[in-house]
Amino acid sequence: MKFIKYLLVGILFGIVMTKSEAISWYRIQEMFRFQAFHMYGIIGSALAVGIIGTFLIKKYQIRSLGDDAIHFNPKSISVPRYLFGGILFGLGWALTGACPGPIFTLIGNGFTVFIMVLLSALVGTLAYGALRSRLPH
Amino acid sequence: MMILFIEQISQPWAWYISGPMIALVMFLLLWFGGEFGVSSTMRTMCAAGGAGKRISFFDFDWKTQIWNIFFVVGAVVGGYLAATFLTPSEPLQISTATVSDLQKIGIAFNAGLAPTEIFSWSNLLTVKGFFVMIFGGFLIGFGTRWAGGCTSGHAISGLSNLQLASLIAVIGFFIGGLTMTHLFFPLIF
């Protein structure tokens with residue numbers, strides 16, 4: 001089944017996020033207090049490899065498994081949606097110590113109460129969908 | 001040999017291993033025909049639940065996004081496997097400055113991943129617990145959809161593609177996170 005490979009990469013992601021401690025509320029506090037390099041090292045080194053790899057994919061027109069072109073969807077420039085949406089997410093990130101990926105990973109780690117964080121996030125998603133025509137983008 | 005290997009990778013991973021591994025996850029997803037962006041699964045879940053019948057934002061062909069649902073289910077499984085089979089022999093090495101800062105606002109470092117005095121089912125019905133988990137979760141859902149992405153989509157994928165929009169988003173993430181940590185935490189805790 002074609003979706004199994006996504007499940008396997010997801011498992012790898014869950015293991016990496018757990019072992020790197022990026023899912024730790026304490027690590028996120030360290031990050032927002034600038035009291036350790038760890039989280040910046042993770043994001044920075046991910047970016048360093050990411051930028052190089054993305055450049056190589058574009059330069060050599062590397063294709064996907066299904067032999068399709070790999071698309072990078074360029075985002076249109078605007079400020080309001082990215083800034084305001086970003087700020088709201090950042091507030092929630094510091095509160096819960098988790099962004100979406102870690103929410104799922106933490107549930108697997110036994111922090112089952114994060115199912116409620118996920119459900120609340122779904123409600124937030126619904127609220128955005130309902131209100132978006134009234135929000136600056 | 002296998003036991004030695006398992007013991008090695010059970011210790012906390014250094015940032016210079018973790019970061020490149022995350023980039024690897026991104027490239028594997030791209031190679032498979034997907035992309036690295038977790039928050040969009042929340043829109044997919046709402047759509048799969050039928051929200052598209054009432055709200056146009058969720059009226060799209062969500063079945064094309066099922067691959068990402070498999071990905072996040074994998075994240076749950078991966079978290080379980082790591083917690084069960086790759087438990088480290090030592091507690092998290094959190095900065096003493098952070099531990100002391102948190103102590104001042106009444107949060108103890110329990111050597112685990114998160115303070116269980118906040119993140120527990122029994123705490124869900126307290127004012128503080130509800131605020132942190134339910135309101136916090138709501139902000140994540142609302143904010144990531146408005147910004148069109150979270151850490152994976154903007155900070156990793158978007159910035160890897162040198163997108164200015166993602167830089168603005170990441171600046172927003174930090175304005176929010178810093179404001180919450182430095183301005184609001186002393187008021188909340």
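Which residue follows helix 3 of chain B, and is its phi positive or negative? The residue is B:G50, and its phi is positive, near 100°. This is a predicted model: local features need pLDDT of at least 70, side-chain atom pairs count only at pLDDT 80 or more, and totals for chains, interfaces and linings use all residues. Residues are numbered from 1 along each chain as its sequence is written, while chains are lettered from A and ligands numbered from 1 in the order in which they are written.

**Confidence**

- The predictor gives the complex an ipTM of 0.97 and a pTM of 0.97.

**Chain B overall**

- Chain B has eight helices and zero strands. Helices (H or I, at least four residues) and strands (E, at least two) are DSSP runs, numbered from the N terminus.
- The pattern along the sequence is α-α-α-α-α-α-α-α.
- The C-alpha trace of chain B spans about 50 × 45 × 35 Å along its principal axes.
- Chain B has 189 residues, and 44% of them count as buried. A residue is buried if 20 or more other C-beta atoms lie within 10 Å of its own, exposed if 12 or fewer, and partly exposed in between; C-beta atoms are placed from the backbone.
- Take the contacts in chain B between residues at least 6 apart in sequence: 48% join residues at least 24 apart. Two residues are in contact if their C-beta atoms, placed from the backbone, lie within 7 Å.

**Interface between the chains**

- Chain B gives 105 residues to the contact, and chain A gives 96 residues.
- On the side of chain B that touches chain A, two or more residues come from each of helix 2 (15-32), helix 3 (40-48), helix 4 (66-85), helix 5 (96-104), helix 6 (127-147), helix 7 (151-160) and helix 8 (164-188).
- That side of chain B divides into 73 nonpolar, 29 polar and three charged residues. Here Ala, Val, Leu, Ile, Met, Phe, Trp, Tyr, Cys and Pro count as nonpolar, Asp, Glu, Lys and Arg as charged, and the others, Gly among them, as polar.

**Two covered helices**

- Helix 5 of chain A (residues 100-108) is mostly covered, with nine of its nine residues buried. Among them are A:P100, A:I103, A:F104 and A:G108.
- The cover over helix 5 of chain A draws on both chains: it includes helix 1 (4-19) and helix 6 (114-131) of chain A, plus helix 3, helix 4, helix 6 and helix 7 of chain B.
- Just after helix 5 of chain A, A:G110 has a positive phi of about 105°.
- Helix 3 of chain B is also mostly covered, with eight of its nine residues buried. The buried residues include B:S40, B:R43, B:M45 and B:C46.
- Those buried residues of helix 3 of chain B pack against helix 5 and helix 6 of chain A, and against helix 4 and helix 6 of chain B.

**Nonpolar core**

- The largest nonpolar core has 90 residues. Such a core is a set of buried Ala, Val, Leu, Ile, Met, Phe, Trp, Tyr and Cys residues joined through C-beta atoms within 7 Å.
- A:I103, A:F114, B:V25 and B:M26 have the most contacts inside this core.
- Helix 2 of chain B gives the most to this core, with nine residues.
- Beyond its neighbours within four places in sequence, B:M26 is in contact with A:G50, B:F36, B:I156 and B:S157.

- A:Q61 lies in the loop between helix 3 (38-59) and helix 4 (80-96) of chain A. Its phi is positive, about 50°, although A:Q61 is not a glycine. A:Q61 is exposed because 8 other C-beta atoms lie within 10 Å.
- A:D67 is in the loop between helix 3 and helix 4 of chain A. A:D67 is not a glycine, yet has a positive phi of about 60°. With 7 C-beta neighbours inside 10 Å, A:D67 counts as exposed.
- A:F3 sits in the segment before helix 1 of chain A. A:F3 has 16 C-beta neighbours inside 10 Å, so A:F3 counts as partly exposed.
- Apart from its neighbours within four places in sequence, A:F3 is in contact with B:I66, B:W67 and B:F70.
- B:S122 is in the loop between helix 5 and helix 6 of chain B. B:S122 counts as exposed because it has 10 C-beta neighbours inside 10 Å.
- B:S122 and B:W67 are 55 residues apart along the chain, and their C-alpha atoms are separated by 34 Å.
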